[in-house]
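I opened my notebook to look up a few things in this structure.

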Amino acid sequence: MSADNAGNIYTLPMANTVVSLFSIVLLCITAAQGRKRLHLNNERLTSYPVINDIDGICKTMVETQGYTCEEHQVTTEDGYILSLQRMPEGRSGEKADKPPVLLQHGIFSDASTWLVNSPDESLGFILADNGYDVWLANVRGTQYSSGHTSLIPNDTAYWDWSWDELASYDLPAFAQYVYNYTGQRIHYAGHSLGTLMALAALSQGQVVNMLRSTALLCPIAHMNQIPSLLTKLAADTFIANDMYWLGIHEFNPNGGGAASKFVEDICNKLNLNCSNLMSLVTGPNCCLNSSRTDISSEPTATKNLIHLSQMIRTGKIVKYDYGDQGQNMQHYGQPVPPLYDMTAIPNEFPLFLSYGGQDFLSDVKDVQVLLNDLKDHNGNKLVVLFKEDYAHLDFVRAVNAKQMIYDPMISFFNVN
């Protein structure tokens, strides 16, 4: 990343010129209604069910490519019913003879992240063909993980979570399920928010004993130097917080025309060319398949966006800040949110970290701060792979990601 991309490309006065626009548009946005979701019964699952879902990821994305696939479910300690897809063998039909790998997607996505390109280009298929037992995770709130033991997505309480809960409930539930089901320790690979989940969990001593290693693609940790103007502006004007207090607890990127008009007006105000909005947020991806540019987004909790905004504004990796000492005391027993200490990750735990020079979210300067946190990590247990021309989505969608990223990552898995 060039030095002039360090975040000096916008000023707060410009942000102030669009505050009124934010306020007006927020009043027009409503939570998405009537979307088809899988609502499950209220019984806590204690067995290992295999689900036949004709519209699920197995049927629509895996079996259509000639691979065996199983649908699984797990219930978190706080009641969310999550889906997992398992690919127990490669396209040849030969059973996996290597350890399980748990793949965790990022924000506004689901497990399809790992399957969207051809089998020769998508990590899920590539790992299965290399003999790994592949497990695809879908976090709470996404299309195939919308169940709960007592709530439905129309309930405000259903969306009362941030990535704190993804790290402390969803990831441990996924890892424990796969560990118990296979009887083996797991390799983990996460992209974007999936890396933050892992870093937070590992720093808290969770899941360490169930994992063999962790691969971090576009690691998200420190975020206050991101160069994306739109993302920085949204965080600094704290727009997600306003949405939350307006009663919009679910943020659905596919929610309708008001959001599109909102983005268009922002682009006009800032004199930005938003014909390629994806590049303005993620960075200029170099190597995406031009025939696969239609990206469907999954919802997340508005509270999750508030939490990420706090990280961008403060540069700290801490639990969700309730903005009130009394509420923080109620939740944490202290007036400020507790810190996630990256130096607490065991120095001997195997980490593979890969990042790109054009990434506007997992940007070079912030990744360097994370690497400084890990400076005492065992040199034989930390592999760092930098790709100068890669941006955020290249790591999961680039046509050459197998050669550039996945092959070195698989070599890392093979020795751990």
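**Entry 1: Histidine 72**

I started with histidine 72, whose side chain makes a polar contact with the side chain of glutamate 70 at 2.8 Å. I noted the rule: a polar contact is a pair of N or O atoms within 3.5 Å; within protein, one must be able to donate a hydrogen and the other to accept it, and residues adjacent in sequence count only if both atoms are side-chain atoms. The model is predicted, so local features need pLDDT of at least 70 and side-chain atom pairs count only at pLDDT 80 or more, while totals for chains, interfaces and linings use all residues. Residues are numbered from 1 along each chain as its sequence is written, and side-chain values use heavy atoms, with hydrogens and water left out.

Where does histidine 72 sit? I found histidine 72 in strand β1 (residues 70–75). Helices (H or I, at least four residues) and strands (E, at least two) are DSSP runs, numbered from the N terminus. Histidine 72 is buried, at 0% relative accessible area. Buried means under 20% relative accessible area, exposed over 50%, and partly exposed in between (1.4 Å probe, protein chains only).

**Entry 2: Glutamine 310**

I looked next at helix α11 (residues 302–314), which holds glutamine 310. Glutamine 310 counts as buried because its relative accessibility is 11%. A polar atom of its side chain lies 2.8 Å from the backbone oxygen of aspartate 321.

**Entry 3: Aromatic rings**

How many aromatic pairs are in the whole structure? My search gave 15 aromatic pairs. Rings of Phe, Tyr and Trp (its six-membered ring) pair if their centres lie within 6.5 Å; planes under 30 degrees apart count as stacked, over 60 as edge-to-face and the rest as tilted.

I picked tryptophan 135 and tyrosine 181, an edge-to-face pair with 5.4 Å centre to centre and 70° between the planes. This pair links distant parts of the chain, 46 residues apart: tryptophan 135 is in strand β4 (residues 133–137) and tyrosine 181 in helix α5 (residues 163–182). Tryptophan 135 is buried at 0%, whereas tyrosine 181 is partly exposed at 28%.

Then I took phenylalanine 412 and phenylalanine 413. Their ring centres are 6.0 Å apart and their planes are at 45°, so this pair is tilted. Both phenylalanine 412 and phenylalanine 413 are buried.

I also noted one aromatic cluster, formed by Tyr80, Tyr158, Trp159 and Trp161.

**Entry 4: Charges over rings**

Arginine 140 lies over the face of tyrosine 80, 3.8 Å from the ring centre. The charged end of lysine 303 sits over the ring of tyrosine 320, 4.8 Å from its centre. The rule I used: NZ of Lys or CZ of Arg is within 6 Å of the ring centre and within 35 degrees of the ring normal.

**Entry 5: Positive phi**

Most residues other than glycine have a negative phi. I looked up phenylalanine 108, which has a positive phi near 60°. Phenylalanine 108 is in the loop between β3 (100–104) and α4 (123–129), and is partly exposed at 26%. Serine 192 has a positive phi of about 60° although it is not a glycine. Serine 192 is in the loop between β6 (186–191) and α6 (193–203), and counts as buried at 8% relative accessibility.
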